[in-house]
Each structure stands twice: as structure tokens, then as C-alpha cells.
Amino acid sequence: MTKLVEGDGRTHIQSRLMRESLQNRGVLAGTDSDHDLQIFPDVTLVGIGGQSIFDRGKDAILPLVDELAACKRDHQLVLAVGGGTRVRHTMSIALDLGLPVGGVAQLVGAMEELNAILLNALLAKHGTMPMQRDHFWDLPLYLASGITPIAISIPPYHFWEPPPEEGNLPMHGSDFGLFQMADVLGFKQVIFVKDERGLYDKDPKRHADATFIPRITLDELIARPLAENILDQELFHAWHASKNLQTVRIVNGLERGALTAALRGEDVGTTITRGGAA
């Protein structure tokens, strides 16, 4: 039975949240939980790079499309796409016009939607559908129907974006957006499909002596940040404060079979684990 509490000129429904500000540190600490519901614990989110894959044209995209079509028969997948070089062009024009950070972020998402439509055209006969920007409530319907949704990667901030520490470029990019989606919805893992094997101690495109990193923990990455990283740094900071996502993988989408092997749990590319030994 609901109990009403009075005495301060107001009437409250008794709960641990009554009267207090939702920004009160004590209230925030009191609402912490050791367990969050994972809505899609058997689903893998596959993020396909815009610059690294789409901008390379058919030689990179078509073999990956064939591999994705085969993979979706054995795995529950949500696909997501980046915008590629068009994002840089769009940002350049937006900054030239003096648009605020949130406006820039909104335009980036529009560029990614073009690649989502392109990928769907190639995969449609295998059962895919572009997902509206933030229609996460449609995911159960897609998956239960055997349809693989194709989302965009940019976080769904619309016209608001946390102010960056420097400049006007949004700090929460496509990689962070994929992490956010996977952690909030409780996905099994995220696999980033790039044009490199994974993480290196420095950029392998510019340094022939770059050392490949097959396995590493999140704590190690935060304690000793890499000089150059193909993933958004914001992803690691947010992941450190999150609960659900345990594994992030990076594979080379130009290497046929790498994504398939990663989905099987094989040691390909770079595997980043949340804690413990890598």
C-alpha cells in the first residue's frame, strides 16, 4: 500500500527519492546497483568505418557485404556505419558558418545515414533495414523478425552536445556512439571494422616499426594512453564508468574472414577487455 508523507508543506509518496534533488551525491550513490538489465545479451554490434571501409569503394565494401550476409545466418547482429570523409567536409563548412557544437553533431549523423542506406541496398535481399536515428525500441521487432538493423554511429544528441574541452569539434564521435548504444542496451560485444588489424603503439601507416597489440585491458589503455589511437578517447573514459560492456574488438575489414573469426571468439585483431588479465 502506498504511504504518503507530509510535514514540509508538500505531500510525498514515500520513496528513497522523495524531497531530495536528483543531483544530490547521496541520492546518486544510493541508487547505484551491482546489476543492470542487459536487454540484448546475445547481440553483437558491428561498427563499419566510414573512412576506413566505405570511402574505399567496392573493393572494400562488396567482400565485406558477402561476409556479413553469411555471418547473420549464425549470429544476431546490429550493424552501424560511420560517415567517412564527407563528415570532415561537412564539419569544415559547419565550422566556417559558426554553427554550435550540437548543430555540427546533428549534421554528422545525416552524413552517416547515407552510408546506412547504401549498405542496406547491398544487403536488403539478405534481410536488413535502416534504423531511424534513435528508434532503439524497434530493435526487438527487427531481431525477432530475423531482420538485421543498420544504425548510424553518431550519438543521438540531436542539437545538444557536451561542450568540448578545446575548439568546437564534437568530442563524442562515432566510436563513442557505438559504445554508448552497446552498453546501454546490454549488447554482448562491439566489433569495430577498420582498415587496420587493431591497436598499435603508434600509427602503422606512418611507422614501419609500429608494434601490434593483440590483447589489452581498459585499465592499461587509460593508465598508458597510446600516442595514436584509431578509437575515440572518450570511449575509454565512458567505458571505465559503465557496467555492462565487457569486450571491444577491432578487426581489419579488408582481411576476408577476420570479422567471421572474431564473431566466433577467435583471437584476431585486437581484443580489449574491461578488467583483469587481457
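Modeller: I will begin with the overall fold, turn to the charged pairs, and end with some positions elsewhere in the chain.

This is a predicted model, in which local features need a pLDDT of at least 70 and side-chain atom pairs count only at pLDDT 80 or more, while totals for chains, interfaces and linings use all residues. Residues are numbered from 1 along each chain as its sequence is written, and side-chain values use heavy atoms, with hydrogens and water left out.

The protein has nine helices and twelve strands, where helices (H or I, at least four residues) and strands (E, at least two) are DSSP runs numbered from the N terminus. Its radius of gyration is 21 Å, close to the 19 Å that the globule rule gives for 278 residues, so the protein is as compact as a globular protein of that length; the radius is taken over C-alpha atoms, and the rule is 2.2 Å times the number of residues to the power 0.38. Along the principal axes, the C-alpha atoms fill a box of roughly 70 × 45 × 45 Å. Of the 278 residues, 47% count as buried, a term that means under 20% relative accessible area, with exposed meaning over 50% and partly exposed lying in between (1.4 Å probe, protein chains only). Among contacts (heavy atoms within 4.5 Å) with a separation of 6 or more, 67% come from residues 24 or more positions apart.

Now to the charges themselves. Lys and Arg count as positive and Asp and Glu as negative, with His and the chain ends not counted, and the place of a charge is taken as NZ of Lys, CZ of Arg, CG of Asp or CD of Glu. On that basis the mean positions of the 26 positive and 35 negative charges are 4 Å apart. Side chains of opposite charge can pair when their charged atoms come close. A salt bridge here is a side-chain nitrogen of Lys or Arg within 4 Å of a carboxyl oxygen of Asp or Glu, and by this rule the count comes to eight.

One of these bridges joins the side chains of Asp195 and Lys205, at 3.2 Å from N to O. Asp195 lies in the loop between strand 7 (189-194) and strand 8 (199-200), and Lys205 in the loop between strand 8 and strand 9 (212-213), so this pair ties together parts that are ten residues apart in sequence. Asp195 has 18% relative accessibility and counts as buried. Lys205 also forms a salt bridge with Glu196, with 2.4 Å between the closest N and O atoms, and Glu196 is buried at a relative accessible area of 9%.

A further bridge pairs Asp267 with Arg215, whose closest N and O atoms are 3.0 Å apart. Since Asp267 lies in the loop between helix 9 (258-263) and strand 12 (270-273), and Arg215 in strand 10 (residues 215-217), the pair ties together parts that are 52 residues apart in sequence. Asp267 counts as exposed at 63% relative accessibility, whereas Arg215 is partly exposed, with a relative accessible area of 36%. Salt bridges that share partners join Arg56, Asp195, Glu196 and Lys205 into one network.

Some other positions complete the picture. Lys72 is found in the loop between helix 2 and strand 4 (76-81) and is buried, with a relative accessible area of 17%. Leaving aside residues up to four places away in sequence, Lys72 touches Leu77, His126, Gly127, Gly146 and Thr148; the C-alpha atoms of Lys72 and Gly146 are 9.0 Å apart in space, although the two are 74 residues apart in sequence.

Val65 belongs to helix 2 (residues 58-71) and is buried at 5%. Beyond its neighbours within four places in sequence, Val65 is in contact with Leu119, Leu122 and Leu123.

Leu259, in helix 9, is buried at 3% relative accessibility. Not counting residues up to four places away, Leu259 touches Val46, Leu64, Glu67, Leu68, Ile191, Val193 and Val251, and its C-alpha atom is separated by 8.3 Å from that of Leu68, 191 residues apart along the chain.
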